[in-house]
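Visitor: Please take me through a few spots in this model closely, one after another.

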Amino acid sequence: MYRILFTGLLSVGLLLMGRHTASAQQQQSEHRIVGLANPKPGKIQLRWSPAGYIAWEIGNKYGYTVERFTTSVNGVLVPHPQPVLLTPQPLKPYTLKQMETAAQKDDRIAMVAELIYGEGAKKVKPEEGIGSWFENQSQNDWRMSMALLACDMSVAAARSAGLFLEDTTVRPGERYAYRISVGQQPKNLIIDTAIVVTALNEPILLGRPPELAIVCADSTATLGWLTNFNRGMYSAYVVERGTDGKTFRPVTDLPVVPTAPDAAGFSYYQDSLPDNDVKYYYRVKGITPFGEYGPYSQVVMGMGVPAVSERPIMDTIIVIDNKKIELRWLLPGDLAKNLSSIIVTRSEKGSGPYLPIATFKTDKTPVYSFTDPKPLASNYYKIKGITKRGKAIYSFPYFAQLIDTIPPAAPTGLAGTVDSTGVVTLKWDNNTEKDLKGYRVFRGNSAKEEFTEATQEILTEPTFKDTITLHTLTSKVFYKIIALDKNYNTSAYTAVLALKRPDTIAPSTPVFTRAVRSDSLNGVVLQWNNSTSEDVVKYTLYRINAKDSSRREVGAWDTAHLRESFLDTAVVLGDTYFYELMVWDDSGNKSKDISGDVWFETGKRPAVKNWKGIVDMEKKQVLLSWEYDQPDVKQYHIYRAKNDAPYILYRTIEGTARQSVDDEIILGNIYKYKITAVLKGDAKAVMSREILVKY
């Protein structure tokens with residue numbers, strides 16, 4: 001079954017393969033694997049191809065292994081990346097039976113099956129004749145090129161050939177290096193591996209085929225477009241045609257591989273026109289090696305020209321002193337005799353418009369050259385011939401430019417902001433150079449490290465939005481930009497712009513090292529180690545009473561008056577306290593440490609105040625009085641001494657009392673008194689001062 005499908009595909013494929021085969025022949029001595037990556041949301045697609053026939057045979061026999069290395073996480077390099085094997089068994093082409101089944105859904109798999117498992121050319125040794133050997137090599141290279149082309153057109157075909165892998169175990173913020181190698185190295189030969197570096201946030205931006213142009217002749221339209229800038233992006237193209245500029249259909253069943261780029265970077269494809277009197281519209285889109293389609297080119301229009309079969313051919317362009325451009329052209333066949341005039345036209349773009357810059361009458365004497373005295377920075381020339389019947393025929397466009405070595409000025413006015421979600425907005429003044437192409441933005445986590453490009457394409461406007469991670473200890477992000485002109489001359493870098501990241505990371509926690517009661521200092525002694533964060537701006541110390549959870553600020557200071565200890569004397573005997581040390585950074589983030597509990601209890605209380613004794617001679621008694629403001633007093637103990645006798649406990653009074661009467665006194669004696677208080681928990685007040693009474 002697959003051979004029947006292959007026959008139809010091969011007939012068209014042969015028409016497309018001239019350039020592809022030639023490229024493969026140039027690389028037949030390169031024993032290596034080449035690879036590409038295609039990041040998608042939540043996955044990364046990998047495609048690879050052998051660069052030569054020998055590598056292809058080795059890969060088909062032993063398969064391919066794919067390893068992944070994580071090189072950085074959120075912009076931080078991984079010191080020693082370790083490989084993760086993504087292919088427990090080497091990826092090999094499907095078996096013939098598997099391909100026959102898969103080919104029912106994709107014809108290109110039939111093509112791959114025939115080229116891998118079909119009857120190939122026999123191997124010829126050089127000693128059998130150098131001519132036969134070269135012919136055999138060409139046939140082998142052709143088979144490989146045809147198979148690789150089919151894989152470029154279809155992911156299913158690439159998968160069937162063992163040349164495709166989809167990695168769905170990737171993570172945002174990580175950057176990877178993939179190593180792709182053959183499953184087993186042959187003896188006496190090294191098949192070099194492919195290294196592909198990519199990340200989820202580096203999607204491939206597909207560009208439209210640029211500078212599409214059309215030249216029509218009798219029943220033919222030749223399309224040309226620039227391909228030298230996106231040769232690594234697209235492996236083939238779809239050429240579509242329509243008659244109303246709105247509805248288009250492909251001109252071929254299979255994609256088109258255009259000619260190799262000429263000196264100006266243009267590739268060409270020729271289409272047959274059904275009718276010279278109908279306007280035909282064309283557009284082109286590219287196909288990636290992952291089978292994805294890029295955006296359409298601009299639309300061009302043309303009509304067949306049933307006239308002279310020849311057209312002017314631009315032969316030579318000479319840049320004179322980097323000031324003038326000399327054009328030389330050919331008028332093949334009898335074209336010179338059929339022309340009445342020649343008009344030299346010029347445009348800044350390959351797509352036009354082309355404006356006349358010189359006109360020559362040629363009905364008597366042909367003209368073959370012209371020197372442009374004032375060329376533009378970029379010039380596309382066409383030679384327009386007017387036949388004696390009034391028909392216009394054009395040469396293909398030819399590109400020429402003066403050598404521009406003057407770079408644009410460095411951009412000025414670079415400024416930017418970072419919002420709370422990590423979105424960076426950069427703006428700067430627009431350059432005024434006429435040949436300005438745009439700008440590139442570079443980013444770094446340090447002003448001293450090597451910057452990496454943050455833009456994925458050249459910016460045409462003086463503004464750029466970037467997204468950075470906030471979960472990093474790097475407090476700033478740095479940017480600088482350059483301008484470049486259409487000849488890719490680059491300006492000097494701007495001065496480095498430093499932007500502060502919104503700080504969402506709390507400062508490191510201070511640590512209490514000591515929290516104890518000091519009887520000698522009559523307070524609580526606190527000691528700690530300060531936060532090690534550099535962005536700390538403020539410390540605040542709070543005291544919390546464990547009895548009622550009341551919280552009070554007892555001290556605050558900044559880093560200019562840094563301290564590592566505190567004595568708290570505003571404490572109440574008998575209460576238990578703990579302390580909270582809070583630290584703030586300059587973004588308002590905070591952290592704290594809490595001390596252990598401290599029971600502030602010495603067992604002693606202040607002495608009773610205003611201790612007095614007054615003699616009442618009439619009542620024959622001594623009135624004792626006092627004041628005491630301590631709470632929870634259970635009792636007062638009054639001590640008395642008579643004359644030179646020692647003090648003895650004379651009386652115990654309830655804790656609510658504030659006076660007592662001593663009526664056990666005898667005339668002619670001296671009485672001395674002291675008082676102390678007994679509080680809750682059996683804490684005692686210091687013995688009061690002595691009062692002396694003569695009676």
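Guide: A residue counts as buried under 20% relative accessible area, as exposed over 50%, and as partly exposed in between, with a 1.4 Å probe and protein chains only. Lys620, at 53% relative accessibility, therefore counts as exposed. The model is predicted, with local features needing pLDDT of at least 70 and side-chain atom pairs pLDDT 80 or more, while totals for chains, interfaces and linings use all residues. Residues are numbered from 1 along each chain as its sequence is written, and side-chain values use heavy atoms, without hydrogens and water.

Lys620 lies in the loop between strand E40 (609–616) and strand E41 (621–627); a strand is a DSSP run of at least two residues, numbered from the N terminus. The phi of Lys620 is positive, near 55°. Most residues other than glycine have a negative phi. Ser549 also has a positive phi, near 60°. The loop that holds Ser549 runs between strand E33 (536–545) and strand E34 (550–558). Ser549 counts as exposed because its relative accessibility is 56%.

Another backbone feature is the peptide bond from Gly352 to Pro353, which is cis, with omega near 5°. Most peptide bonds are trans. Pro353 sits in the loop between strand E18 (339–347) and strand E19 (355–361).

Strand E18 contains Arg346, and Pro353 is among the residues that Arg346 touches (heavy atoms within 4.5 Å). Others, not counting residues up to four places away in sequence, include Tyr354, Leu355, Asp372, Lys374 and Tyr381. Arg346 is buried, because its relative accessible area is 17%. A polar atom of the Arg346 side chain lies 3.2 Å from the backbone oxygen of Lys374. Arg346 and Tyr398 are 52 residues apart in sequence, and their C-alpha atoms are 9.5 Å apart in space.

Last come the cavities. A cavity is a set of points on a 1 Å grid over the protein atoms alone, where a 1.4 Å probe fits but cannot get out; its lining residues have an atom within 4 Å of a point. A search of the whole structure finds two cavities of 30 Å³ or more. Strand E9 (213–217), strand E10 (220–226) and strand E13 (266–272) each supply at least two lining residues.

Technical notes
Helices (H or I, at least four residues) and strands (E, at least two) are DSSP runs, numbered from the N terminus. On a 1 Å grid over the protein atoms alone, a cavity is a set of points where a 1.4 Å probe fits but cannot get out, and a pocket is an open set with protein on both sides within 12 Å along at least five of seven lines; lining residues have an atom within 4 Å of a point. Grid points are joined across faces, edges and corners, and a volume is the space filled by probe spheres set on the points. A polar contact is a pair of N or O atoms within 3.5 Å; within protein, one must be able to donate a hydrogen and the other to accept it, and residues adjacent in sequence count only if both atoms are side-chain atoms.
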